[in-house]
Amino acid sequence: MLCPTHTNKEVLEAAGTQAQLGIMTVTYTARVANARFGGFYKLLLLWRGSIYKLLYKEFLVFFVMYAGLSVTYRFFLTDHQRRCFEKVSLYCNNYANLIPVSFVLGFYVTLVVNRWWNQYLCMPMPDRVMCAISATVHGSDERGRMYRRTLMRYCSMSGLLILRSVSTAAFKRFPTVDHVVEAGFMTRHERKKFENLHSSYNKYWVPCVWFCSLAAQARSEGRIRDDHAYKMLIEELNAFRGNCSMLFHYDWISVPLVYTQVVTIAVYSYFLTCLIGRQFLEPSQGYSGHDLDLYVPVFTLLQFFFYAGWLKVAEQLINPFGEDDDDFETNFLIDRNFQVSMLAVDEMYGDVPHLVKDRYWNDSDPRPPYTAATLFQKHQPSFQGSTFDMALTKEDMLFKPLSDIEEMNEETYTGPVPLFSRLFTGVGSSPISSSAALTAPLVAPESQMTLLRRSTSSSFRSSDSLYQEGPEDPAQAETLPHPETRPPDVPVQSIFQAESPPPCSERGAPIADTIASAQ
């Protein structure tokens with residue numbers, strides 16, 4: 001617990017001491033940077049944050065209970081009692097697999113892991129706000145500096161108030177508002193205003209409102225030079241406040257209790273059944289699958305290790321704001337965010353390096369150097385695309401005129417014809433073009449479709465002529481008939497000319513009759 005007499009320097013030193021003692025999130029990224037033989041084997045020897053540390057107590061309890069039942073069955077039961085126990089054991093072993101442990105537990109752990117990562121993405125990080133403040137709130141005098149530091153402190157205060165509401169470690173460090181005042185996040189005058197706001201709800205949002213009022217005051221004084229900069233600053237604050245709100249809702253709305261209860265009951269009832277059903281029975285009784293008497297159920301213990309360990313993973317990740325080895329280091333984030341944000345808006349304001357020509361000023365193809373350890377990567381070819389090395393023959397690369405390409409139908413198309421193209425004309429991947437499908441008459445499914453070609457007449461030289469723009473002369477445009485009001489005596493063949501069917505086909509006459517009747 002933080003005493004009121006502690007200063008900001010002492011707080012940061014305490015956080016550094018905790019980091020040196022290893023009281024932080026377990027990270028092993030550098031150990032698995034390169035895939036090699038036995039790369040994960042070394043991770044199995046770690047203790048802090050390991051599955052052994054989480055599960056060894058439950059594992060020992062399960063093994064002791066199994067051993068107690070085994071000893072009782074072997075040495076303390078009569079022959080009649082043994083036969084009854086054997087029947088119960090066989091019954092439990094046969095029906096234990098009816099409990100859907102893998103199904104229920106797999107979905108539950110997936111839900112918890114996704115929720116765990118989303119909570120970390122909602123951590124209130126002030127990086128975007130501090131850049132916006134440094135870029136929009138101007139003034140090198142003392143008042144301009146006070147504006148920037150106060151705006152940034154309000155953001156840090158809001159993040160601190162929400163973290164101490166959801167995190168056990170943060171609450172132990174700042175158990176009261178007085179500790180927040182003594183730590184320098186809030187002044188005594190601000191505490192009076194904060195406490196005078198009577199509300200039964202969490203007031204983590206109050207510093208954000210102060211931020212908006214102070215930003216509006218800076219805009220009226222000209223510290224923020226235009227409305228676009230002011231709008232951008234408020235948008236960044238709203239994004240920060242939205243993350244604080246999401247953390248509050250994640251803490252409020254938990255995974256449904258019934259889901260957690262179902263998973264817990266499924267796992268523990270399954271292994272309570274295994275305590276009896278996985279006992280080694282006397283081989284002399286001739287029970288199926290009980291030919292050996294090994295005393296120690298190796299695979300049952302492994303199954304308990306995997307399933308119960310899976311449940312312990314969900315138990316640890318369901319609330320990452322506790323004090324477990326892999327929980328979020330909220331106190332470290334509080335220190336980092338406060339120190340970095342104040343540095344960005346105060347000491348770094350206006351402190352820009354000299355504007356000079358870079359090293360590659362006159363080089364049109366700049367190439368940064370390589371060290372001896374990375375020199376082999378310089379000679380590797382750059383990726384140009386998956387089709388960069390594809391080769392085609394000269395015949396395949398020649399362009400063909402569109403007039404030489406005839407439309408495909410069932411007689412000319414050699415590939416598989418879609419089912420709906422056979423049943424319905426103009427539906428799906430039909431060989432008839434879309435414009436022809438709109439004007440062609442309905443043909444019976446069993447009839448043979450004929451090859452349609454575009455007419456080369458002077459009136460319609462291409463399919464694009466159906467959608468040509470009207471003439472510039474309005475009087476001439478009025479004389480052209482609308483496509484929907486075309487006289488019925490205009491034959492369909494003026495647009496699409498039907499080629500005569502093959503001599504072997506006997507269905508040409510029915511098709512012609514159908515077209516004539518439609519006209």
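Biologist: Which does glutamine 316 count as, buried or exposed?

Modeller: This is a predicted model, and the value is computed from it. Glutamine 316 has a relative accessibility of 9%. The cut-off for burial is under 20%, so glutamine 316 counts as buried.

Biologist: Where does glutamine 316 lie, and which residues is it in contact with, leaving aside neighbours within four places in sequence?

Modeller: Glutamine 316 has its place in helix α13. With neighbours within four places in sequence set aside, its contacts are Leu54, Asp324, Asp325, Asp326 and Asp327.

Biologist: Which elements each supply at least two residues of the lining of the second largest pocket?

Modeller: That pocket has a volume of about 640 Å³. Its lining has 17 residues, with Tyr28, Gly49, Ser50, Ile51 and Asp326 nearest the centre. Asp326 is also one of the contacts of glutamine 316. The elements that each supply at least two lining residues are α2 and α13.

Biologist: What distance separates the C-alpha atoms of threonine 110 and alanine 314?

Modeller: Threonine 110 has its place in helix α4 (residues 101–121). At 46% relative accessibility it counts as partly exposed. Along the chain, threonine 110 and alanine 314 are 204 residues apart. Their C-alpha atoms are separated by 8.7 Å.

Biologist: What share of the contacts with a separation of 6 or more comes from residues 24 or more positions apart?

Modeller: The protein has 18 helices and two strands. Among its contacts with a separation of 6 or more, the share from residues 24 or more positions apart is 73%.

Biologist: Which element supplies the largest share of the lining of the largest cavity?

Modeller: The structure holds six cavities of 30 Å³ or more, and the largest contains about 130 Å³ of space. It is lined by 15 residues, of which Pro124, Ser156, Gly159, Leu160 and Asn337 lie nearest its centre. At least two lining residues come from each of α6 and α14 (330–347). The largest share, five residues, is supplied by α6.

Biologist: Which residues does serine 156 touch, not counting those up to four places away in sequence?

Modeller: Serine 156 lies in helix α6 (residues 142–166). Its relative accessible area is 10%, so serine 156 is buried. Not counting residues up to four places away in sequence, serine 156 touches Phe185, Phe338 and Ser341.

Key. Residues are numbered from 1 along each chain as its sequence is written. This is a predicted model: local features need pLDDT of at least 70, side-chain atom pairs count only at pLDDT 80 or more; totals for chains, interfaces and linings use all residues. Side-chain values use heavy atoms; hydrogens and water are left out. Buried means under 20% relative accessible area, exposed over 50%, partly exposed in between (1.4 Å probe, protein chains only). Contact means heavy atoms within 4.5 Å. On a 1 Å grid over the protein atoms alone, a cavity is a set of points where a 1.4 Å probe fits but cannot get out, and a pocket is an open set with protein on both sides within 12 Å along at least five of seven lines; lining residues have an atom within 4 Å of a point. Grid points are joined across faces, edges and corners, and a volume is the space filled by probe spheres set on the points.
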